[in-house]
Amino acid sequence: MHLRLAAYACVAALSVAACTPAAGQDFYRGKTITILVGFSPGGGFDINARVLSRHIGQHIPGNPNVVAQNMPGAGSITAVHHLDLAAAKDGTVIDIFNFGNIGESRLNPDKVKVDFRKFNWIGSISQDLTVCYVWHTFGVKTLAELKAKDKVHMGLTGMGTSSDTNQRILKSIFGVRVQQVAGYPGSAEQRIAIERGELDGDCGAWSSIPVEWVEGRKIVPVIKSGPVTAPDMPPDVPYSVEIAPSERERQVLRMLIASAQLGRPFIASQAVPAERVRILRDAFNATMKDPQFIAEAEKLRLPISPKTGEEALAIVEAIYTTPEDVVAAARKVAAE
């Protein structure tokens, strides 16, 4: 009789956590959680995944081992597809991907065949602060001077990535003659190409730019994608939305960079059981407040402005419900 009453209480409970001792609290004991990284080692997404992997396990019942595994391809979409195609659906595999693909899936669903509403969102570590910059020897100090150049070579890791989107914004809205060079598996390889003079610059997360480049003034940032700044960023870098040529172009810019609110996103397959999604979300939220995690992130210049899984999904929903006329205008910019 007591067992039957306990079962009824569990079913009737408002919180999944009330039922997790039987349903999931012991599941992760002795297990390994894999964080897939959609790029090669050394870039910003990879670093964020590895920092998270060193701390989140402490906040999961059973204290599982957590490892990061690189799976580059198609601008990180290969790893996203892997969640549903081949990865375990038991809550032991999550993925970090390039947030730019969220907007691209709304703009060009035939190319990025992913509906990001159909995943279990675990959370996002920070919003993105992308800057477009050139190497110090390129002879440019301002956006106006960059527009005067005949060609500006920038690397491409995949269509629809945040770097790709910001390069196209630079070209289509601000008139910079960007020449995209494809074939780079990750930002680490792009940085090597910039140092060698094969590329003139890039658009990428400020926190992912090597500190020695920043401190040594090896780069010149000419425009940024967000209204915020960073302690070591020059204070006069213009915000793209504020200097857009027209109100219509400001609307288009907001659509194109909306997914930057989820700069370091983590998702799991929609097939993962609800009680394990709750465990992962709670652990993620607790990690974002963990003093040791925060200290390591600050040491690595990684910004922390987290979104919960629920908040992240709400942002994704808003992107997918953007009015079609704004989407059409943004699509034209992204295609040029």
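## Ground rules

Because the model is predicted, local features need pLDDT of at least 70 and side-chain atom pairs count only at pLDDT 80 or more, while totals for chains, interfaces and linings use all residues. Residues are numbered from 1 along each chain as its sequence is written, and side-chain values use heavy atoms, with hydrogens and water left out.

Helices (H or I, at least four residues) and strands (E, at least two) are DSSP runs, numbered from the N terminus.

An open sheet of mixed pairing is built from 6 strands, in the order 2-1-3-10-4-11; two strands pair if DSSP finds at least two bridges between them. Strand 2 (65–70) and strand 11 (307–308) stand at the edges with a single partner strand each, so one side of each has no neighbour in the sheet.

Further in, strand 3 (residues 93–96) and strand 10 (residues 265–269) run antiparallel and are joined by 2 bridges.

## Nonpolar cores

In soluble globular proteins, nonpolar side chains tend to be buried together. Here a nonpolar core is a set of buried Ala, Val, Leu, Ile, Met, Phe, Trp, Tyr and Cys residues joined through side-chain atoms within 4.5 Å. Buried means under 20% relative accessible area, exposed over 50%, and partly exposed in between (1.4 Å probe, protein chains only). The largest core holds 87 residues, and those with the most contacts inside it are Ile102, Phe116, Trp121, Leu146, Leu170 and Phe266. Helix 11 (residues 274–288) gives the most to this core, with 6 residues. A second, separate core has 16 residues, including Tyr133, Ala193, Ile194 and Ala230.

Not counting residues up to four places away in sequence, Trp121 touches, among others, Phe97, Ile102, Phe116, Leu262, Phe266, Arg281 and Val316, where contact means heavy atoms within 4.5 Å.

## Enclosed space

Rolling a probe the size of a water molecule over the atoms shows where empty space is left. The search uses a 1 Å grid over the protein atoms alone: a cavity is a set of points where a 1.4 Å probe fits but cannot get out, a pocket is an open set with protein on both sides within 12 Å along at least five of seven lines, and lining residues have an atom within 4 Å of a point. Grid points are joined across faces, edges and corners, and a volume is the space filled by probe spheres set on the points. This gives 4 cavities of 30 Å³ or more.

The largest cavity has about 320 Å³ of space. Of the 26 residues that line the largest cavity, Phe45, Ser187, Gln190, Gly204 and Ala205 are the closest to its centre. Strand 8 gives the most to this lining, with 4 residues. By class, the lining of the largest cavity has 8 nonpolar, 13 polar and 5 charged residues; Ala, Val, Leu, Ile, Met, Phe, Trp, Tyr, Cys and Pro count as nonpolar, Asp, Glu, Lys and Arg as charged, and the others, Gly among them, as polar. Helix 3 (44–53) is among the elements that supply at least two lining residues, and 8 of the 10 residues of helix 3 are buried.

The largest pocket contains about 420 Å³ of space. Its lining has 21 residues, with Ala230, Pro231, Arg301, Leu302 and Pro303 the closest to the centre. That lining divides into 10 nonpolar, 6 polar and 5 charged residues.

The second largest pocket has a volume of about 200 Å³. Trp206, Val214, Arg217, Ile219, Val220, Pro221, Asp232 and Pro234 line this pocket, and strand 9 (residues 219–224) provides the largest share, 3 residues. The lining of the second largest pocket has 6 nonpolar, no polar and 2 charged residues.

## Loop residues to look at

Two non-glycine residues with positive phi are worth a look. Asn63 has a phi of about 45°, lies in the loop between helix 3 and strand 2, and is exposed at 53% relative accessible area. Ser76 has a phi near 90°, sits in the loop between strand 2 and helix 4 (77–85), and is buried at 0% relative accessibility.

Gln25, in the loop between helix 2 (20–23) and strand 1 (32–37), is partly exposed at 26% relative accessibility. The C-alpha atoms of Gln25 and Pro61 are 5.6 Å apart, although the two residues are 36 residues apart along the chain.
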